[in-house]
Amino acid sequence: MSQDLHALTLTQIAAGLKAGDFSAHDLTEALLGRITAFAEPLNAFITITAEQALAAAKQADEARATGNAGPLNGLPLVHKDIFCTKGVLTTCGSHMLDNFVSPYDAAIVERFGQAGAVVLGKTNMDEFAMGSSNETSFFGPVRNPWNLDCSPGGSSGGSAAVVAARLAPAATGTDTGGSIRQPAALTGTVGLKPTYGRVSRYGMIAFASSLDQAGVITRSAADAALLLGVMAGFDDRDSTCIDHPVPDYVAGLSGSLKGLRVGIVRQHFDEGLDEQTGIAVKESLAVLESQGAILTEVDLPNLDLSVPTYYVVAPAECSSNLSRFDGVRFGHRANDPKNLFDLYCRSRGEGFGAEVKRRIMTGTYVLSAGYYDAYYLKAQQVRQLISDDFKKAFAKVDVIAGPTSPTPAFKLGDKTDDPITMYLNDIYTIGANLAGLPGISTPCGLVDGLPVGLHLVGPHWSEESVLRCAHQYQQQTDWHEACPEGYA
Amino acid sequence: MSLDKDQVQHIAMLARLKLADDEFDETVDKLSRIVDFVDQLSQAETEGVVPMAHPLNESQRLRADEVTESNQREALQENASSVENGLYLVPKVIE
């Protein structure tokens, strides 16, 4: 029994713990052993919190014995290293924060902890979540368990690799332009990005505040629903968190897809999409249709402008957010500064990696005198057009379906020379961030032995129907159960 | 190249970033490519479009101006490189 515990999904673990088939402590020990065994090839962790995990598991077992089990009692998960964890290193994948021990917990860390979850560690990520391949991490790239020469995607690449390799059944992530959904697609896992404002950003290190949203990577839509129910909800410590009722997402999974209007965007299947990926996605659309969904063509005329819009808005916000790293109060500080200006410039120059510096400088440029109207204001206008396109589409359909990423996982090093090639990876996912919409990626096929994702996006606050659509699709297919060789 | 070395030097100064000599040329090249790429926005027809300030077009929530945090100076300063008597130390600012 014990050697199979890692194969269980969160929902199965919850049932097993409840039935007393195994203890949270046994489960935690088994997973920690596996994390150590696969640490070297994958490089998916920045910190492993073994001691705290075992103590939390023991506490969970005691709580269960006394009838005080929380909704996630004893359930193991890992946090992306962008979430502040009290007393634990929180690096954000950067040299700037490689000595930062957070004095407080992020809102979702707190919520998951109170619900009884057991945190196994903190996962590797692109530096400050800026990247689509995990190659910008100060701690080195994460490797994809499906092929160690490939990237797991990014920026939540460590979280995705951990879940794909069955080192933990669930992981938190953040999604600013696709950073949960794209790595989920590239690793054969499920990635959920909620509506902007659905989940508190308190204690989540900010990259682009009008786009960032916390979510989860799991092995099933049901597991994502279970976690979203705990992490969603109002928090007055995040001024952008919205007070909106939290439905029972698990209960919302049941119900057929009969009559569900699914929008297909013609531009999603134009050039730029890998042919085999397109075929896999079209097959998944046929499955939805066979389940009673009605496929309708919709138009997103400004789709092509979403990536350039994003690369003005996100760097502008990043440039502003990352100005807090001044080498004074926390973070890397340069040696022997000549004066205050030198302290700032060298601390930041040494502490940030190349991609982060490029984004800060792009943002500084588009916000600087003489360029603001041409770039930033213009981008915010185009962003409104993109958002309006979605609004018009959602007047006709309940959900939009298409590919998550233009290709399966690419080789490490393949896209590092040209930033634009890397940026275009997120062409299908960025729109949901610009418009604040919920989206999910669910596995829908394998191309040359590498996973492909089906992307579902709904109107604001439609997590329930997006999750139901993914869950019902998973009842008809078993792509989400596919496991990379050597990790079963 | 849409940006020249002087412009990049100026942006780096505004952003308070010291670029090492060996990363400077690459930064000029890649930043230029990014600026060229986002320049396609200029072709978009946006006459009369109200710029979007919030993804759900909500307004910023306000709160009363009250002290809600307790004093945690010692805990917070544990992450600082240089403190003395509860103060952060920086190089001399006024000669």
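**Close-up 1. The largest nonpolar core.** In this predicted model, the largest nonpolar core runs to 161 residues, and A:Val118, A:Ala168 and A:Val399 have the most contacts inside it. Such a core is a set of buried Ala, Val, Leu, Ile, Met, Phe, Trp, Tyr and Cys residues joined through C-beta atoms within 7 Å. Buried here is a neighbour count: 20 or more other C-beta atoms within 10 Å of the residue's own, against 12 or fewer for exposed and anything in between for partly exposed, with C-beta atoms placed from the backbone. Helix α8 of chain A (residues 221–231) hands over the largest share of this core, nine residues. Helices are DSSP runs of H or I with at least four residues, strands are E runs of at least two, and both are numbered from the N terminus. As for A:Val399, leaving out residues up to four places away in sequence, its partners include A:Leu260, A:Val262, A:Leu456 and A:Cys469. Touching means that the two C-beta atoms, placed from the backbone, lie within 7 Å.

A word on the bookkeeping: residues count from 1 along each chain as its sequence is written, and chains are lettered from A and ligands numbered from 1 in the order in which they are written. Since the model is predicted, local features need pLDDT of at least 70 and side-chain atom pairs count only at pLDDT 80 or more, while totals for chains, interfaces and linings use all residues.

**Close-up 2. Where chain B meets chain A.** Chain A brings 55 residues to the contact and chain B brings 43. On chain B's side, α1 (5–14), α2 (21–38) and α3 (73–77) each supply at least two residues, with α2(B) giving the most, nine. That side splits into 27 nonpolar, nine polar and seven charged residues; nonpolar covers Ala, Val, Leu, Ile, Met, Phe, Trp, Tyr, Cys and Pro, charged covers Asp, Glu, Lys and Arg, and the others, Gly among them, are polar.

**Close-up 3. α12(A) across α2(B).** The axes of α12(A) (residues 354–367) and α2(B) come within 10 Å and cross at roughly 55°. Axes are lines fitted to C-alpha atoms, for helices over the stretch in contact, and angles run from 0 to 180 degrees between N-to-C directions. The pair is therefore oblique, the label left over once under 35 degrees is roughly parallel, over 145 roughly antiparallel and 65 to 115 roughly perpendicular. Among the residues that meet here are A:Arg358, A:Met361 and A:Tyr365 from α12(A) and B:Glu23, B:Lys30 and B:Ile34 from α2(B). By class, this contact has six nonpolar, two polar and three charged residues.

**Close-up 4. α10(A) against α12(A).** Helix α10(A) (residues 306–321) packs on α12(A) at about 100°, axes 7 Å apart, which makes the two roughly perpendicular. The residues involved include A:Tyr311 and A:Pro315 of α10(A), plus A:Ile360 and A:Val366 of α12(A).

Close-up 5. Most residues other than glycine have a negative phi, and most peptide bonds are trans. A:Gly154 and A:Ser155 are joined by a cis peptide bond, omega about 10°; A:Ser155 sits in the loop between β3 (118–123) and α6 (157–164). A:Asp448, not a glycine, has a positive phi of about 50° and counts as exposed, with 8 C-beta neighbours inside 10 Å. A:Trp461 also has a positive phi, about 65°, and is partly exposed with 18 other C-beta atoms within 10 Å.
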